[in-house]
Amino acid sequence: MERPARNLAQSVQLLKMKMKIETFPSGQLDTNSYLVYGASQGEAVLVDAPFGSADQIMPRLKEENLKLRAVLITHGHWDHIGDVAKISAACQAPIIAGTEGKQLIENPEFQTSHLFGHIKLEKTVVSVEPKDGDILEYAGFKIKCLEVPGHCPGSLAFIFEDEGKTCAFVGDLIFEGSVGRTDLWGGDFPTLEKSVKKIYELPDSTVIYPGHGYPTSVGVEKTSNPFVRG
């Protein structure tokens with residue numbers, strides 16, 4: 001049910017917030033990597049790390065004189081983690097990911113041998129495995145973690161709030177007018193539907209930043225998404 005990503009402007013700002021969100025689509029599937037900063041001087045977090053993202057993220061960190069404090073992984077599919085080991089090691093930043101899907105990150109042979117063919121992934125270690133509702137604090141942000149399985153086991157959505165505004169980084173759970181596919185390992189549509197409706201409980205103004213394609217909002221998707229209605 002996923003649609004091909006469109007080219008994104010490097011920096012996406014849908015709300016007037018202190019938080020800065022820069023979008024870097026990269027890799028074979030134009031997977032979005034998001035650099036989030038602005039809450040604490042000189043610190044940032046990264047959401048997802050597809051192949052090729054290191055070549056964009058590392059110079060950007062240097063340009064803005066930012067220290068990367070954490071790499072948040074929405075789920076362990078190969079197109080979201082291709083450069084996670086490289087970026088984590090270079091920045092000495094912990095990897096944050098869901099327990100149920102961490103084997104996709106820590107044991108690349110499971111993914112490459114059984115799921116996605118001959119994709120070369122570097123082995124690494126997940127440092128923090130948040131549970132549903134946990135609040136993490138990195139780079140001056142309080143980040144709420146929601147467990148949102150259905151597309152992939154261990155999927156997490158990361159919820160940021162800034163000046164009364166909310167944004168959600170949801171990976172491949174939901175897209176502009178679409179939802180994530182459920183025909184891969186551990187996928188299940190009824191489970192995905194429940195997860196999407198969990199996102200729909202956020203304020204309608206919440207900006208949704210998906211793993212592919214353009215941002216959308218909770219209000220728009222609740223009323224118009226053809227796969228899961230609010």
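I81, G82, V84, A85, I105, L121, E122 and T124 line the largest cavity. Lining means an atom within 4 Å of a cavity point, on a 1 Å grid over the protein atoms alone, where a 1.4 Å probe fits but cannot get out.

Some ground rules. This is a predicted model, with local features needing pLDDT of at least 70, side-chain atom pairs counting only at pLDDT 80 or more, and totals for chains, interfaces and linings using all residues. Residues are numbered from 1 along each chain as its sequence is written, and side-chain values use heavy atoms, without hydrogens and water.

Back to the cavity. Its space is about 40 Å³, counted as the space filled by probe spheres set on the points. The lining splits into five nonpolar, two polar and one charged. Gly counts as polar here. The whole structure has three cavities of 30 Å³ or more.

Now the helices. Helices are DSSP runs of H or I, at least four residues. The crossing is right-handed.

Who touches whom? From helix 1, A54, M58 and L61 meet K86, I87, A90 and C91 of helix 3. Contact means heavy atoms within 4.5 Å. That contact has six nonpolar residues, no polar and one charged.

Terms used. On a 1 Å grid over the protein atoms alone, a cavity is a set of points where a 1.4 Å probe fits but cannot get out, and a pocket is an open set with protein on both sides within 12 Å along at least five of seven lines; lining residues have an atom within 4 Å of a point. A crossing is left-handed if the near helix is turned anticlockwise from the far one by less than a right angle, and right-handed if clockwise. Helices (H or I, at least four residues) and strands (E, at least two) are DSSP runs, numbered from the N terminus.
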